Amino acid sequence: MARTDDTTLHKTLGATPPNLVDLGATRRTFSWSQARAALGASPGGGLNIADVAVHRHARGARAQHVALRCLDRRGGRRDLDYRELSAHSNRFANVLAQLGVGPGDVVAGLAGRIPELYVAALGTLTHRAVFSPMFAAFGPEPIRTRLQRGHAKVLVTTARLYARKIAEIRAGLPELAHVLVVTEDEPLPEGALDLRALLAAASDHYDIGATDPEMPALLHFTSGTTGTPKGAVHVHGAVVAHHCTGRFALDLHDDDVFWCTADPGWVTGTSYGIIAPLTCGVTMIVDEGEFDAQRWYQTLAAERVTVWYTAPTAIRMLMKAGAALAAEHDLSALRFVASVGEPLDPEAVRWGARALGLPIHDNWWQTETGGIMIANYAALDIKPGSMGQPLPGIEAAIVRRVGERIEVVDAPDTEGELALRPGWPSMFRAYLGDAARYDACFVDGWYLSGDLARRDADGYFWFVGRADDVIKSAGHLIGPFEVESALLEHPAVAEAAAIGMPDAIAGAVVKAFVALRAGHERSPELLRELMAFARKRLGPAVAPREIAFIDALPKTRSGKIMRRLLKARELGLPEGDTSTLEEFG
Ligand code: ATP
Ligand code: MG
C-alpha cells in the first residue's frame with residue numbers, strides 16, 4: 001500500500017488475493033439466494049446459525065482446525081478446535097433442553113470473553129433459542145432493564161458478576177427461571193446452577209431441529225448513543241450476510257488468524273466476534289483482557305494475527321501510546337485492519353499506514369443492519385475519511401424525505417439520509433416491543449438509517465453525522481465528524497467532539513470540545529492556535545465558534561461519543577437516558 005497523494009491510498013495487492021476484487025462485476029452476479037444455497041442446508045432443515053458457524057465444520061475437513069484461541073488474564077491459553085466447540089455447544093443445547101427451555105426462549109449472556117460465553121451463544125443458537133448478549137461492565141440497572149425487556153428465561157454469567165450485579169436484582173425478575181454461572185474459586189451462589197458441572201454431565205450429541213431462516217436468533221440492544229437503547233431482533237437467516245460480509249469486507253480466508261476486539265456484549269462482538277469468522281472457518285483470538293496498548297501489540301505479534309477488526313476509540317488510544325511502541329513488535333503477519341462503530345478520521349487511517357504498515361479500512365453498519373453494509377474492502381483504494389462502498393447485495397442511497405415519499409439524491413457530494421433497500425438477510429425484523437418505531441424506519445421501499453452521509457462521484461460514501469447530531473448553521477449543514485476530523489489533525493488533540501449551540505442569528509453555531517494528548521498543557525495560546533487551525537482547514541462558516549478543553553468526552557459503554565449529553569450539559573437540559581454512559585456503568 002503506497003500513499004501517492006493526500007486524498008487516496010492506493011492498494012498494492014499482497015500475496016493473498018482478496019476475496020472481493022471487482023465490486024462492479026461481483027455486484028452484477030451476486031444474489032443472496034445463491035449465497036444462501038452455497039452454504040447448504042442445516043441437517044434438520046432450514047438454516048441454523050450455529051450449524052453454519054460450527055457444526056458443519058466439525059463434520060468436515062476443518063474439524064481439527066483451531067476455532068477459538070482463548071487467552072486468559074493470567075497469560076494462559078486454551079485452544080478449542082471446531083469439533084470441540086461443536087461438542088460443547090451441543091452440551092449447552094442439551095442443558096437448555098433439560099431445563100425446559102424451548103426454541104424462541106431468550107437466553108442472555110453476561111460475561112467477559114471466556115470460552116463458556118461462546119459455548120453458550122452457539123449452544124443457544126443450536127437449540128433455536130434466542131441469544132441476547134449483554135455487556136459485562138454494565139451495572140445492575142441496565143442489566144435488569146434488558147433482562148426484563150427481553151423476557152429472558154436464562155442468564156449465563158460468572159459467580160463474580162452474579163454477586164456484584166445479579167443477586168440484588170434477581171427477585172425483581174420473575175421470568176428469569178435459571179441462572180447458570182461459571183465459578184472459579186468462588187462458592188456457587190444460592191439459586192444459581194453450576195454451568196461447568198451441567199456441561200460435563202450433558203451429552204455432546206444434539207440433533208438440531210428444523211430452523212426456519214426467519215426464526216428469531218439474536219436480540220441485540222443498540223448502544224444508546226442517541227437515547228434509550230432499542231432491542232433489535234435478528235433471525236437465523238442473517239448468517240448468510242455474516243458469512244458473505246466476513247469474506248467481502250473483512251477479507252477472511254480459511255487460514256486467517258482473526259481478532260475482533262469488540263466485546264461480545266455488542267452486535268460487533270457477536271456478528272464478527274463469534275459468527276462471521278467461524279462461518280469462514282478461521283481461527284479466532286478470544287482475549288479476556290481489557291485494552292492495554294503494550295499487550296495488544298504483543299497479542300498481534302505473538303499470535304500472528306492476520307486480520308484485525310477494531311474501533312476508532314481503540315485506534316485513538318493506540319495513537320496516544322505512540323508509533324514507537326508499535327515499531328517494537330513484529331506485525332509482519334498482519335494483512336488487513338478494519339474499524340467500525342464511529343467515523344474513522346483520516347488522520348487515524350494514515351496513522352495505520354505509518355505505524356502498522358497498513359492503512360485502516362473503515363466500514364459502516366449498525367445494530368439494525370446486523371452486518372457490514374458499506375466498506376473499504378481490501379482491494380479498494382482508500383480515500384481516508386470515507387466509509388467505502390456498498391458491498392455486493394447491498395443497495396445504498398442518499399435520500400431525502402419529501403412528505404410521505406422518498407427522493408433519491410443522485411447528485412454527487414450532496415448530503416442526505418443514508419438509506420438501504422430492504423432485503424439483505426441480516427436486516428433486523430423488529431424493535432422489541434415497539435412495532436411503530438420499526439415501521440417508521442421503512443418509508444417508500446427504503447430502510448432509513450438515521451445517519452446522514454454523502455456519496456462522491458466515484459461511489460464512495462462519506463459519513464456526515466447522525467441525523468440528531470447534525471448542526472444547521474446559517475443555512476449550512478455541518479457534520480460534527482468534519483469538524484472533529486480537522487481538530488484531530490492537530491498534534492495536541494487526542495479526542496474531539498462538536499455540537500451545535502443555539503444562536504440568535506445563525507440558528508446554531510459550532511462548539512467543539514477537545515481532550516489533549518499527554519505532554520500538552522491547556523493554555524489560552526493553545527486555544528487560539530486550535531481556533532486558527534480549525535478555521536484554516538474548515539473555513540469560517542464551518543469552524544467552531546468556540547472550543548473548550550475537556551478531560552474526557554462522555555462515551556457510551558461501547559466507546560461512542562455521546563454528543564447529546566455534551567449538548568444537554570451545555571444547555572443545562574435533562575440528560576435523558578444515561579444508563580449506557582461509561583462512567584455510570
Ligand atoms: P442508538 O441507536 O441506541 O442511539 P447507536 O446508533 O450508537 O446507538 P449502534 O447500532 O451500536 O448503536 O451503532 C450504529 C451507529 O454507529 C451508526 O448508525 C452510525 O451512526 C455509527 N457508526 C458505525 N460505524 C460507523 C462508521 N464507520 N462511520 C461513522 N459512523 C459509524
Ligand atoms: Mg442507532
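**Entry 1**

I looked up the partner of G109 first: in β6, the bridge partner of G109 is P133. The model is predicted; local features require pLDDT of at least 70, side-chain atom pairs count only at pLDDT 80 or more, and totals for chains, interfaces and linings use all residues. Residues are numbered from 1 along each chain as its sequence is written, chains are lettered from A and ligands numbered from 1 in the order in which they are written, and side-chain values use heavy atoms, with hydrogens and water left out.

Strand β5 (residues 106-110) pairs with β6 in the parallel sense, over five bridges. I take two strands as paired if DSSP finds at least two bridges between them. Helices (H or I, at least four residues) and strands (E, at least two) are DSSP runs, numbered from the N terminus.

I then checked how far β6 (residues 130-134) is covered. Five of its five residues are buried, so the strand is largely enclosed by the rest of the structure. Buried means under 20% relative accessible area, exposed over 50%, and partly exposed in between, with a 1.4 Å probe and protein chains only. V130, S132 and M134 point one way from β6, while F131 and P133 point the other way.

In the loop between α5 and β6 I found R128. Phi of R128 is near 65 degrees, a positive value in a residue other than glycine. R128 counts as buried, at 18% relative accessibility.

Helix α4 (residues 82-98) packs on α5 at an angle of about 65 degrees, and the two axes are 7 Å apart. Axes are lines fitted to C-alpha atoms, for helices over the stretch in contact, and angles run from 0 to 180 degrees between N-to-C directions. On the α4 side, the contact is made by L85, H88, S89, N90, F92, A93 and L96; on the α5 side, by V119, A120, L122, G123, T124 and T126. Contact means heavy atoms within 4.5 Å. I recorded the crossing of α4 and α5 as right-handed. A crossing is left-handed if the near helix is turned anticlockwise from the far one by less than a right angle, and right-handed if clockwise.

**Entry 1: the nine-stranded sheet**

I traced an open sheet of nine strands with mixed pairing, in the order β4-β3-β13-β12-β14-β15-β16-β17-β18. Its edge strands, β4 (77-81) and β18 (389-390), each pair on one side only.

Within the sheet, β14 (residues 307-310) and β15 (residues 336-339) run parallel and are joined by four bridges. The partner of V307 in β15 is F336. Helix α10 (residues 267-279) lies across β3 (66-71), β12 (257-260), β13 (283-287) and β14, and runs at about 165 degrees to β12.

**Entry 2: cysteines**

How many disulfides does the structure hold? I found zero. A disulfide is a pair of cysteine sulfur atoms within 2.5 Å. The sulfur of C244 has its closest cysteine sulfur in C280, at 8.7 Å, which is too far for a bond. C244 is buried at 8% relative accessibility, and C280 is buried with a relative accessible area of 2%.

**Entry 3: β10 and β11**

I found strand β10 (residues 216-221) mostly covered, with five of its six residues buried. Five bridges join β10 to β11 (residues 231-235), and the two strands run antiparallel. H220 has A232 as its bridge partner in β11.

**Entry 4: two loop residues**

Is T183 buried or exposed? T183 is buried, with a relative accessible area of 13%. T183 sits in the loop between β8 (178-182) and β9 (193-194). Leaving out residues up to four places away in sequence, T183 touches A159, L188, D194 and R196.

D413 lies in the loop between β20 (405-408) and β21 (416-420). Although D413 is not a glycine, its phi is positive, at about 60 degrees. At 47% relative accessibility, D413 counts as partly exposed.

**Entry 5: helix α18**

I listed the buried residues of helix α18 (residues 563-571) as R563, R564, L565, L566 and A568. These buried residues pack against α16 (480-488), β28 (493-503) and β29 (507-516). Just after α18, G572 takes a positive phi of about 70 degrees.
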